[in-house]
Amino acid sequence: MAPLLVLWLAVCLGGTWAVDRGNFKTCDQSAFCKRQRALKPGESPYRALLETMELTNTRLTLQLINDNNKVRLLLELYRLQGNITRVKINELKPLKPRYEVPDVLIREPPTEPLSLLSQDENGVVLSLGPESQRVIVSARPFRLDIMEGRDVLMSLNSRGLLAFEHLRIRKDTFYYKVTSAVASVWNNIKRLFSSSQADPEAEKKEEDDPANQAEEAKEEEEKAEDGMWEETFKSHTDGKPNGPSAVSLDFSLPGVEHVYGIPEHADTLRLKTTNNGDPYRLYNLDVFQYELYNPMALYGSVPVMIAHNAQRTTGIFWLNAAETWVDISSNTAGKTVFGKMLDYVQGSSETPQTDVRWISESGIIDVFIMLGPTPKDVFSQYASLTGTQAFPPLSALAYHQCRWNYNDQEDVQSVDAGFDKHDIPYDFIWLDIEHTDGKRYFTWDPHKFATPKDMLQGLLDKKRKMVAIVDPHIKVDTNYKIHTEIQSRDFYIKNKDGGNYEGWCWPGSAGYPDFTRADMRAWWASMFAYDQYEGTMENLYTWNDMNEPSVFNGPEVTMHKDAMHGAWEHRDVHNIYGFYVQMATAEGLIQRSGGVERPFVLTRAFFAGSQRYGAVWTGDNAAEWEHLKISIPMCLSLGLVGISFCGADVGGFFKSPSTELLVRWYQMGAYQPFFRAHAHLDTPRREPWLFGPENTALIREVVRERYTLLPYWYQQFYNTHHTGEPVMRPLWVEYPQDPATFALDDEFLIGRDLLVHPVTEEGARGVTAYLPGKDEVWFDIHTFQKHNGAQNLYIPVTMSSIPVFQRGGSIIPRKLRVRRSSTCMEHDPYTLYVALNPRRTAEGELYIDDGHTFNFEKKEFIHRRLSFANNILSSVNLTPAAQFSTSSWVERVLILGASKPSKVTLKTADGQESQLEFDFDASMSVLTLRKPGMNAGADWTVTLQ
């Protein structure tokens, strides 16, 4: 590391373990946020010009005009398949094109017909098809209401906060003065030659003339506010050659008190109102040990909000990649008054309402309104737009061991052997930045990692894998192949003057590849080929860090907004940069295997659609109890907006955990989708066996518990890959009519059938878990104790306790023969845990494939329905067209909540019948069927008599 960078890091990072809030803007320090937030609800300057309306079978277009400055906008409205409405607003005649986010949508969303129901001088009413859904467009002021029957589902611009700052030419420039003079002369000539008889059509054309708008309108820039053309934060100046360009729109949600989403924030699951502080900020930033319970921006941004009440779930997807702020207010005194167009009188003044306002620095308004009505409908709607979670290799769902940094190949070998010595399974060991040759990514330190293939082969022999970091800042070094290739191909982001943008990061002076370019991404992907990335093998995977992008000497530790990506400023694309880095990396891992193997890529920065490319984690947390707690709502929020593969650094990245905190964190991490321990360079080593035999045993037990449940985790990821439903989910997703679940974020569900309430308090002797479902029962997975639903249950705990419950009515497959890695368990037998509901039925699924290739897309898998009813347990094929064989069998069945049978009979697909041995524990009502022996992929029935 360059001496200057070492000194800089010592000054910036030394002596403190807390975020320096002064490095990051508040709304008041962000000119466009301050300017837009100063607007007060009231009469909107925008009206709809109904005479410009055009309605085709697929869309409505309509011009809006700002009566203050005469600038016209174009509104486009689409009814999309799946109960989604899309609203786009752009300048009618922008000075130059405004940025519209590409590549996030998986396709151009298919439309459904719109039909006109009525129209008059006040507005239009359009049918949205199902269940008398309609959209009402009111003209003066412009407003849009989506209704179902007599219920307003959502209103746009009902508070009059639509704002669209048009691109313009600065008045004190030579170009402006020339064009203004020409326009003035031309207007005088037209007046001289105009006839005494006024021509209304000519007047309308004149009003549309941009030259006349510039000459005659009371332009907003005449009130030149600070930050409109140039903005300074600390020592950094951001120039805006076309002036302010912010867009904003408000949404009203009658009947709604609970809104969720818009990650990433270290805050509660239920979003808070922002009246008395900053709005929630979406701006991907490298925040050094972030604070908790505030709306500051973090590493990723997904501009999706979910609204829920007992009657309905809806969603708002604001497709904009620029810096965005989201204001939330709530009022139980119904404040919306609807005109005659609505034919609706709002009921009780006690009706709750949530109002949301989105403010973005640039781009256009492109919003998708997902109308549910159920939570799972909203997940499906969002998945239809941006895709679903990538289906990971099974091994990626197992345990990962990481720190900054394992020192050399001998250190890696020693840690690997330590897991075997202490009988703790793991699948991946990770290497951070120190493994490279001087922070040159795609290389290995020639002394510490001289023979990386030998190291990788040693892991492969044990059926284990490795992850190495590849960051997107490239060391400026003429002897470094990656740098010289990017430079020769002109792939670097440019500064505003046209030179290559350079900033400081881990290598010292670094360039930043322009991942918004498809040709750059294709080249990057090619660098993962085995003949390009020397020393790599098929069991090496990738970690993209610092991809916000992080620029140590940049404004807010990121890139200058006036840096250039071709024709676009960085301000337009900032939040999508990390999305593109992960996309290119995942494609590289796929290509190196000839398209056969599923990739695994972890990213820190993300955007809508990032779920398609791998996993995320919650960044640089700390070894503190509050950070342990916050990982639950942080991952729940990500799951709600499509990103299911989420986890937090077990043990905390910064600081050193107490043994109690470390054990509790392993117990939590074992029940989160991405399960990785990680630690900072300056912390003491914390491999699981370094805290005494008792704590080693506790950690061993919970890691092994994770491995037994891998079949269930894998099934959940197969399900989310097809449906978009979150793997780790809030209770209200499954119990949407139970208000007691709406704000819960200290417990969660894995799929439908496992409820987890981790212990997150120091010295805890008990926890109180809410078990949902009035007519349901839940079984403690460790003791098989049965508990009724719809109650708050106090659970005494010891250091070995993690309260986990299986829902009555479910069947969960496990593998109880835990080995050194998940791949070693591939052919091992299953044990089925059948938890009966009060109706004495249960159902579940079993999914099996090869665990690592894309062959499942060719229907090479087993997918079976397991069900218990009328004292018969059966396995039937859910996908008869699929073909796959397994040597795994069912070695045991436990039926919880059972009665003692007189005999148990197995009937296999060939008609053979046999009697099965069984044990019955009357005290716990648990029936155990021993060694039934049927193949896991076969049809069979087990009858209790």
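Visitor: In this predicted model, what is the relative accessible area of Arg704, and is Arg704 buried or partly exposed?
Guide: The model is a predicted one. Buried would require a value under 20%, and exposed one over 50%. Arg704 falls in between and is partly exposed, with a relative accessible area of 22%.

Visitor: Which residue does the side chain of Arg704 meet in a salt bridge?
Guide: A salt bridge needs a Lys or Arg side-chain nitrogen within 4 Å of a carboxyl oxygen of Asp or Glu. The N to O distance here is 3.6 Å, and the partner of Arg704 is Asp423.

Visitor: How many residues apart are Arg704 and Asp423?
Guide: Arg704 is in helix α15, residues 693-708. Asp423 is in the loop between α7 and β22. The pair links distant parts of the chain, with a separation of 281 residues.

Visitor: Is Asp423 buried, partly exposed or exposed?
Guide: The limit for exposed is over 50%. Asp423 has 45% relative accessibility, so Asp423 counts as partly exposed.

Visitor: Which parts of the chain does the salt bridge of Asp420 and Arg820 tie together?
Guide: The side chains of Asp420 and Arg820 meet at 3.6 Å, N to O. The two residues are 400 apart in sequence, so their pairing ties together helix α7 (residues 409-421), which holds Asp420, and the loop between β42 and β43, which holds Arg820.

Visitor: What are the relative accessibilities of Asp420 and Arg820?
Guide: Partly exposed covers the range between the buried limit of 20% and the exposed limit of 50%. Asp420 is partly exposed at 26%. Arg820 also counts as partly exposed, at 37%.

Visitor: How many salt bridges does the count come to?
Guide: The rule is a nitrogen to oxygen distance within 4 Å. Some bridges join into a network, one that links Asp238, Arg281, Glu323, Glu361, Glu556, Lys561, Glu569 and Arg571. The count comes to 58.

Visitor: Which residue just after α16 takes a positive phi?
Guide: Helix α16 ends at residue 723. The phi just after α16 is about 80 degrees, and the residue is Gly724.

Definitions and conventions:
Residues are numbered from 1 along each chain as its sequence is written. This is a predicted model: local features need pLDDT of at least 70, side-chain atom pairs count only at pLDDT 80 or more; totals for chains, interfaces and linings use all residues. Side-chain values use heavy atoms; hydrogens and water are left out. Helices (H or I, at least four residues) and strands (E, at least two) are DSSP runs, numbered from the N terminus. The expected span of a helix is 1.5 Å times one less than its number of residues. Buried means under 20% relative accessible area, exposed over 50%, partly exposed in between (1.4 Å probe, protein chains only).
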